Amino acid sequence: MNNIFWWCVLLNTFLQSDSMFISRSHDLLRQFVTKEMTYGAAVSDINGDENLDIVVASFSGSNIVLTYDNKSRMLQNVALTGSPFEALMDPEGRAVGVAACDVDGDGREEIYILNSNTDVTGRQNHGDKLFKYVDNRYVDLLSDSLNAWIPEVTHVGHSVTCIDRQGTGLYAFAVMTSTRNGTERLMLIEMDVSHPENNRDSGPIVLRDVAMDAGIDQAKGGGGITIGPILGTDGRSDIFVNTESFWNKNRENKLFMNNEGGKFRNVARQLGLADKNQNVRGIAIGDINQDGLIDIVTGSWLGSQRLFIQRISSYSGRVKFSDMATAEMRKSSALCSLAVADFNNDGHTEIFYNNAMYHGAQPNRLFTVRTTKHETGQKLNVTKVSIGEALEPRAYPTGSVVTDIDRDGVLDLLITHGESSGNTITVYSTRSPVRSKKRTRDRMTSQRSEVIQRTTFGNNLPGKIIHNPSQGPTRFTNYWVRIIPKTRFGAPARGSKVTLVLAGGIMMTQVIGGGSGYRGQMEPVAHFGIGQTPDVLLLEIQWPDGKIHQREMGVSDLNKVHEVHWSNLYDEKSLFDNKHVDKRLRRTTGSASFMNPSSTIVILLWCLCIADYFSVI
């Protein structure tokens with residue numbers, strides 16, 4: 001009997017050896033255990049030390065701020081009573097979403113906490129919070145009398161994200177509400193820059209809702225939002241809003257294309273993205289097939305999962321999205337969130353589907369997308385891979401975020417839990433392809449990467465190398481590079497597009513995350529896995545105002561974090577510059593397709609008069 005047991009253990013070890021993830025929860029969260037119902041999470045620099053932290057929204061207790069401690073090599077919760085982060089705890093709220101961005105141009109990201117109720121069909125009994133760092137502590141901007149109107153119009157919501165709609169470096173929070181009483185809508189909360197009482201240093205910051213002026217207040221019943229320069233080559237951030245159809249029948253996804261001046265127009269139907277009557281929750285964007293165009297991945301609760309690949313006709317310049325998900329990928333599951341990243345730095349994209357237990361086990365799933373050149377263009381090869389210890393078949397997850405927690409150049413996956421039941425937060429990292437099968441998990445996690453260097457350049461700043469504390473030998477043979485674009489104010493430039501060009505004309509493009517669907521805001525970093533051949537040639541960054549900066553890259557730039565500051569001096573031409581496509585896009589999705597009924601009637605009457613005139617002649 002004992003022999004059978006040990007044979008089973010040996011077989012399981014062998015099967016797991018080629019899988020993707022191993023658990024890091026034991027070593028990274030050893031000093032922090034929670035059984036609260038945790039929901040959304042966002043990655044931002046909360047304590048101002050130039051390293052990224054994770055804010056976790058709690059539905060059943062105090063919100064959490066996890067920061068990585070280099071000395072103990074563990075995540076620690078710093079949101080404690082008496083700390084500068086005490087206000088972020090907000091124990092009376094029922095938080096489901098969180099996002100971070102620089103609203104007022106002080107160079108530091110504000111934190112929006114989206115609170116909800118046990119009953120998602122009515123108004124909140126505890127309003128949302130918008131925290132700004134002032135005098136060594138966080139204060140709530142929404143509690144100021146100048147912003148008293150916001151709790152009066154805010155309804156229960158699911159998602160919150162950020163957008164720099166006009167390319168000024170000043171961001172707005174897009175808040176997606178979800179109620180049954182017909183009053184749900186998308187809000188767009190930004191600083192009223194003309195108000196005389198604004199004070200960037202000490203507050204207050206006067207806010208306003210510009211959703212109606214921007215043309216996006218028509219969005220209703222949405223589950224998730226994401227932003228980025230999805231369409232065209234001008235760098236302006238668009239807004240993709242998915243829909244939940246539980247009580248909102250005949251609802252469709254919406255893609256709000258950003259026209260000049262921060263005005264938007266819904267073009268989802270024309271481009272093949274409406275996807276009617278799906279309960280979409282997770283969204284992620286990125287260049288999945290490495291052709292320089294931004295694609296969209298969506299995941300639905302008990303619906304079909306989609307992989308919308310963007311195509312541009314070489315003949316007409318017409319833009320269209322096509323669902324290229326395989327039958328295996330499209331399978332229905334109780335999906336709560338998803339993530340798109342290169343977890344093992346091999347240069348290929350992984351898509352992670354985070355599922356909740358629903359009428360039985362619902363294990364998480366993972367797919368690898370590889371792109372090969374074909375006679376007729378790019379060819380996608382999508383393969384389901386063994387997910388390893390991140391399977392979680394009987395868990396109740398709610399959200400997930402991806403970031404490099406321990407700063408070793410390898411992405412980590414953090415999953416929150418709270419769908420129907422509270423549970424601990426879990427963390428996973430990628431299994432090393434060169435690690436001996438005999439090594440234990442503890443020995444593996446005790447290793448760290450070589451010295452990580454952070455390069456800062458741009459904005460007329462002198463170049464400098466910042467050496468992080470040495471963390472030992474590298475875990476991986478695959479190369480990587482991390483790019484952090486900054487705004488003119490020095491904050492993360494969420495919504496920027498970053499492209500890395502490799503030998504052979506291979507292009508890898510990522511968007512700095514403003515939000516990633518239902519309950520997750522990823523790190524404001526473009527993380528590129530390079531694989532084992534370090535043939536990197538060029539870096540291009542395009543900010544939301546269209547400014548473009550390019551610089552040559554080489555082996556000496558790999559395995560480093562590069563901060564790139566916005567500068568008014570940048571005037572390079574984009575690798576993807578195509579004014580014909582931009583003009584065609586705006587012409588074929590023009591306002592004629594979105595006329596109001598009165599305008600349509602006037603045109604019809606005019607046509608009838610012309611027809612009558614010619615019939616008389």
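**Reading aromatic pairs and a sheet**

Colleague: Phenylalanine 367: buried or exposed?

Modeller: Phenylalanine 367 is buried, at 1% relative accessibility. Buried means under 20% relative accessible area, exposed over 50%, partly exposed in between (1.4 Å probe, protein chains only). This is a predicted model: local features need pLDDT of at least 70, side-chain atom pairs count only at pLDDT 80 or more, and totals for chains, interfaces and linings use all residues. Residues are numbered from 1 along each chain as its sequence is written, and side-chain values use heavy atoms, without hydrogens and water.

Colleague: How many aromatic pairs does a search of the whole structure find?

Modeller: A pair of aromatic rings is described by the distance of the centres and the angle of the planes. Rings of Phe, Tyr and Trp (its six-membered ring) pair if their centres lie within 6.5 Å; planes under 30 degrees apart count as stacked, over 60 as edge-to-face and the rest as tilted. The search finds eight pairs. One of them joins tryptophan 301 and tyrosine 358, edge-to-face, at 5.2 Å and 75°. Tryptophan 301 is buried at 9%; tyrosine 358 is partly exposed at 34%.

Colleague: What order do the strands of the open sheet have?

Modeller: Strands of a sheet pair through backbone hydrogen bonds, either parallel or antiparallel. Strands are DSSP runs (E, at least two residues), numbered from the N terminus. Two strands pair if DSSP finds at least two bridges between them. Here the order is β2-β3-β4-β5, with antiparallel pairing. The edge strands are β2 (38–44) and β5 (74–77). Five bridges join β2 to β3. Threonine 38 stands opposite serine 58 in β3.

Definitions and conventions. Helices (H or I, at least four residues) and strands (E, at least two) are DSSP runs, numbered from the N terminus.
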